[in-house]
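Subject: Structure handover and notes

Hello,

Here is the structure for your files. My notes follow below it.

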Amino acid sequence: MARFESGLTGAAQEILAGRLDAAFGRFAGLGPTVRARLEHRPVRYEPMAVVLPEDHHLAALDAVPLDALAGETVYAGAGNPRTLEWTDLARRLFEGRGIALAPPAPVAMGVEEFRRIMAKTRNPVLAAVDFPAMPDTVLRPLVDPVPLSPVSLVWRKGLTHPGIDALRRATVELAAEEGWLRRPGVGWIPAADALVMTPLRQILAKGG
């Protein structure tokens, strides 16, 4: 298996072309014709966060309520064709909350470039809670509600490979051990994602 860095939109094309075996990301954010050619297994509801300039007026908070971002312009990968599923998730999250989606910006490749772009735009950046530390910034979890980034393991339909089998087993074990698929009571997730992330046996058990 090769290592590949991209959003799931970009990775899915590599999977379907046979250049990549598997990837992680938001399965519901892919188009229906792409999803039809892939398999997926829910792995995690990943809480979301915001990266702020360290002198931003919200940086002093331990956690940032979503309502506090009203009037802000937040970057979420707009214009990057490989991360369309992430930008779509942000658009759904921001809708009706007075939060603007930042226009396209150069993709930051490396710490120094991230620092340069952040210093120029000063836009908060939507991220996951485990986003790596960046200079001159702070990472703050989002709350009230806690927005969740739904993560699945994704692979091509019909693919058989010992590595894929091992990866599937490992994700099941980790998800159980870490409680990754337990949704917080105040968590936010789009309805389409909630359906995709619900195992079929649970849907059937509920009569859905």
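Is Arg26 buried or exposed? Arg26 counts as buried, at 5% relative accessibility; buried means under 20% relative accessible area, exposed over 50%, and partly exposed in between, with a 1.4 Å probe and protein chains only.

The model is predicted, and local features need pLDDT of at least 70, side-chain atom pairs count only at pLDDT 80 or more, while totals for chains, interfaces and linings use all residues. Residues are numbered from 1 along each chain as its sequence is written, and side-chain values use heavy atoms, with hydrogens and water left out. Helices (H or I, at least four residues) and strands (E, at least two) are DSSP runs, numbered from the N terminus.

Salt bridges

The whole structure has 9 salt bridges, a salt bridge being a side-chain nitrogen of Lys or Arg within 4 Å of a carboxyl oxygen of Asp or Glu. One of them joins Arg26 to Asp88, with the closest N and O atoms 2.9 Å apart. Asp88 is in helix α3 and Arg26 in the loop between β1 and α2 (32-35), so this pair ties together parts that are 62 residues apart in sequence. Asp88 counts as partly exposed, at 22% relative accessibility.

Another salt bridge links Arg122 and Asp55, and here the closest N and O atoms are 2.8 Å apart. Because Arg122 lies in the loop between α4 and β6 and Asp55 in the loop between β2 and β3 (64-65), the pair ties together parts that are 67 residues apart in sequence. Asp55 is exposed, with a relative accessible area of 56%. Salt bridges that share partners also join Arg26, Asp88, Arg92 and Asp193 into one network.

Glu46 pairs with Arg44, the closest N and O atoms being 3.4 Å apart. Glu46 is buried, at 11% relative accessible area.

Backbone

Most residues other than glycine have a negative phi, and most peptide bonds are trans.

- Arg122, in the loop between α4 (111-121) and β6 (125-128), has a positive phi, near 60°. Arg122 is partly exposed, at 39% relative accessibility.
- Asp144 has a positive phi of about 55° and is found in the loop between β7 and β8. Asp144 is exposed, with a relative accessible area of 54%.
- The peptide bond from Asp144 to Pro145 is cis, with omega near 0°. Pro145 is in the loop between β7 (137-143) and β8 (146-156).

Cores

In soluble globular proteins, nonpolar side chains tend to be buried together. A nonpolar core here is a set of buried Ala, Val, Leu, Ile, Met, Phe, Trp, Tyr and Cys residues joined through side-chain atoms within 4.5 Å. The largest has 19 residues, and those with the most contacts inside it are Val64, Leu69, Leu93, Phe94, Leu126 and Leu142. At least two residues of this core come from each of β2 (38-53), α3 (84-94) and β7. Its largest share, 4 residues, is supplied by α3.

Apart from neighbours within four places in sequence, Val64 is in contact (heavy atoms within 4.5 Å) with Val50, Leu52, Leu58, Leu69, Arg140, Pro141, Leu142 and Val143. A second, separate core has 12 residues, among them Leu8, Ile15, Phe27 and Leu30.

Helix α5

Helix α5 (residues 162-178) has 17 residues and reaches 24 Å from its first C-alpha to its last, close to the 24 Å expected at 1.5 Å a residue; the expected span is 1.5 Å times one less than the number of residues. Its buried residues are Ile164, Arg168, Thr171 and Ala175. They are on the same side of α5, because they cover an arc of only 65° around the axis, taken from the directions from the helix axis to the C-beta atoms. Pro162, Arg169, Ala176 and Glu177 are exposed on the other side of α5. The cover over the buried residues of α5 includes β1 (22-25), β2 and β8.

Aromatic pair

The structure holds 1 aromatic pair. Phe114 and Phe131 form it, tilted, at 5.9 Å centre to centre and 45° between the planes. Rings of Phe, Tyr and Trp (its six-membered ring) pair if their centres lie within 6.5 Å; planes under 30 degrees apart count as stacked, over 60 as edge-to-face and the rest as tilted. Phe114 is buried, at 11% relative accessible area, whereas Phe131 counts as partly exposed, at 27%.

Regards
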